[in-house]
Amino acid sequence: MITHLAQIIGKRRLYRILLGLLSAGVIAAAWEFMASSRLASGIELPSLTAIATRGWELRQQLFAELGYTLERAALGLALAIVAMIPLGLLIGRVRVWARLIEPVVELLRPLPTPAIIPFVMLIAGISDAAKVAIVFFGASFPILLNTIESVRNVHPMVVLTARSLRLNTYESFFLVYLPHALPQVMAGIRTSVSMALLISVTAEMLLSTNGLGVFLRRSQESFRMADGLAGIALLAVCAFLINRINVWFDKKLLFWHSSRTGRDNY
Amino acid sequence: MPRRIDWEWLSRFAGIAFLALAWELSSRLNLLPRELFPPISEVFGALASALLHGGLIADEGLTLARTLVGTLAAGLLGVALAVLTSTFRTADGLLAPVIEFLRPLPPAAMIPIATFFVGVGKALFLLTVVFAAVWPIYVSTANALRSTENVIIDTGRVYGCGRWALLFQIRLPSAGPEILTGLRVGTGMALLATLLAEMLAGQRGLGYRLFDSAFSLHTAEMFGVMIVAGLTGILVNIVVMRLGAFFLGWRILMSQHSETTQAA
């Protein structure tokens, strides 16, 4: 049967899958051993079955909390995309704006996202708006910086061609700069997508009302470790899926671009 | 003859100066709530007094040390993992699923779980910071190691390099710039995680101080600490870049050399 499988999916791939299963199995066995023998220095490590049971019992709550987290992450990300791509185009192509805004951007950029949380808290309290604003701040910079850089790197020949064809400002923005910049803008958005989920969870932990971050923190504070680990597992699966969708979407959306087709379009 | 005013140079500061002035005035004229937006002059006053006799320097030193130590540990771990997975196919098969599962997890989510295991202490900070910083370093190093130019590897083989010589003398050095990029992203994540852990579980450090000053409504000090946090971000970046220039200087020299030979 193994040889049959190997013929279908390829020897090397089968080997990898088997190795993956093996490592998962070893880790699971080690975990169960530690849980049953309480090796982990007096800490009660819940067994995998206990975690799975708790996860199943709490499934409605877990998914509801995950929903809140994702909703705020998506909202903050969407705002960042809508605001930062035009701003990036502006800074990248119009010198006056670059001179005025870029120093301010450079001033804010090194601020680690958690550093703005107390400030946002003072203004917006622990509302949804506060958390969305924090996600917005964190997700903005990758998109903005990538957009600025990529529109600046548009080939001069393309710019001159657009000018010879007498494209007006809007036409050249939408027909020349934006399509040209899209791969790098997408790379920025990809970074921002994973940042958004990360920051959303973070913001919840500090400005708690609801969401998976709060759930994790509560289960730690009340020593319900199985609950916490079930939450972590759900979060990991969700983050993994988002990552995959991200990569797939990027491939589908940019199939036409020269950087993907390998053909030079100039 | 008087020197001409360099408008280009001045205009760089125009945006910032305008913002600062607008902030100062609108706060002084009570257009903005003054307890939330203290005038910027007061912010610098509070910053100075916190630095001089508020112990801010000690907090900053602690945060900086946690960030740099964490980045260093994450760098060693990340590069070691990348060497392992890109050299041995079996190691890659074993580790890849674990890494794919752990990598996208937010470091903040790890804090409660890590607290279960190690309590609140040095180990918690180190664990959180390393967890946050290791993935960018691992990913860029592994990618670079997998895509070493075949010509260089073949040249090494011709000169009789074995597996380890190839790794240490050819593949790792040629991955240098990508490792540096990973480290730069990694330090950013490390600083983020340090502040976060300090906010959630710390009694000292910049992150704790930020929350403390915000909760006690010392907004001027809070803005001051925010400025320090931003400067810390710049500082750790400079440290990594300097280290990179020190270790990768030969590469920059080489690329300059090749440019000049191409021009000739």
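In the predicted model, B:Asp92 counts as buried, at 12% relative accessibility. The side chain of B:Asp92 meets that of A:Arg16 in a salt bridge, with an N to O distance of 2.7 Å. A further salt bridge joins B:Asp92 to B:Arg146, and here the closest N and O atoms are 3.6 Å apart. B:Asp92 belongs to helix H4 (residues 89–102) of chain B and B:Arg146 to helix H6 (residues 122–146) of chain B, so this pair ties together parts that are 54 residues apart in sequence. B:Arg146 is partly exposed, with a relative accessible area of 45%, whereas B:Asp92 falls under the 20% limit for a buried residue because its relative accessibility is 12%. Through shared partners, the salt bridges join A:Arg16, B:Asp92 and B:Arg146 into one network.

The bridge between B:Asp92 and A:Arg16 crosses the interface of chain A and chain B, for which the rule finds one salt bridge. Three residue pairs are in polar contact between the two chains, counting pairs with both residues at pLDDT 80 or more. On the side of chain A that touches chain B, two or more residues each come from helix H2 (11–37), helix H5 (95–108), helix H6 (113–124), helix H9 (169–206), helix H10 (212–221) and helix H11 (225–253) of chain A. H11(A) provides the largest share of this side, eleven residues. Sorted by class, the side of chain A that touches chain B consists of 37 nonpolar, eight polar and six charged residues. In total, 51 residues of chain A are in contact with 52 residues of chain B. The two chains bury about 4500 Å² between them, and carbon and sulfur atoms account for 81% of that area.

Helix H4 of chain B also holds B:Glu100. With a relative accessible area of 25%, B:Glu100 is partly exposed. When residues up to four places away in sequence are not counted, B:Glu100 touches A:Phe240 and A:Arg244. A:Cys238 counts as buried, at 10% relative accessibility.

Over all chains, a search of the whole structure finds 14 salt bridges. One of them is formed by B:Arg209 and B:Asp59, whose closest N and O atoms are 2.9 Å apart. This pair links distant parts of the chain, 150 residues apart, with B:Arg209 in helix H10 (residues 206–215) of chain B and B:Asp59 in helix H3 (residues 56–87) of chain B. Both partners lie under the 20% limit and therefore count as buried, since B:Arg209 has a relative accessible area of 13% and B:Asp59 a relative accessibility of 9%.

B:Arg209 also takes part in a salt bridge with B:Glu221, in which the closest N and O atoms are 3.1 Å apart. B:Glu221 is found in helix H11 (residues 219–263) of chain B and B:Arg209 in helix H10 of chain B, so the pair ties together parts that are twelve residues apart in sequence.

The buried residues in H10(B) are B:Leu206, B:Gly207, B:Arg209, B:Leu210, B:Phe211, B:Ser213 and B:Ala214. Just after H10(B), B:Leu217 adopts a positive phi of about 60°.

Another buried position of chain B is B:Thr187, at 2% relative accessibility. B:Thr187 is located in helix H9 (residues 176–201) of chain B. Apart from its neighbours within four places in sequence, B:Thr187 is in contact with B:Thr67, B:Thr71, B:Val236 and B:Val240.

The structure holds zero disulfides over all chains. Among the cysteines, B:Cys161 is partly exposed, with a relative accessible area of 21%, and A:Cys238, at 10%, is buried.

Notes. Residues are numbered from 1 along each chain as its sequence is written. Chains are lettered from A and ligands numbered from 1 in the order in which they are written. This is a predicted model: local features need pLDDT of at least 70, side-chain atom pairs count only at pLDDT 80 or more; totals for chains, interfaces and linings use all residues. Side-chain values use heavy atoms; hydrogens and water are left out. Contact means heavy atoms within 4.5 Å. Buried area is the accessible area (1.4 Å probe) that two parts lose on being put together, summed over both. A salt bridge is a side-chain nitrogen of Lys or Arg within 4 Å of a carboxyl oxygen of Asp or Glu. A polar contact is a pair of N or O atoms within 3.5 Å; within protein, one must be able to donate a hydrogen and the other to accept it, and residues adjacent in sequence count only if both atoms are side-chain atoms. Helices (H or I, at least four residues) and strands (E, at least two) are DSSP runs, numbered from the N terminus. Ala, Val, Leu, Ile, Met, Phe, Trp, Tyr, Cys and Pro count as nonpolar, Asp, Glu, Lys and Arg as charged, and the others, Gly among them, as polar. A disulfide is a pair of cysteine sulfur atoms within 2.5 Å. Buried means under 20% relative accessible area, exposed over 50%, partly exposed in between (1.4 Å probe, protein chains only).
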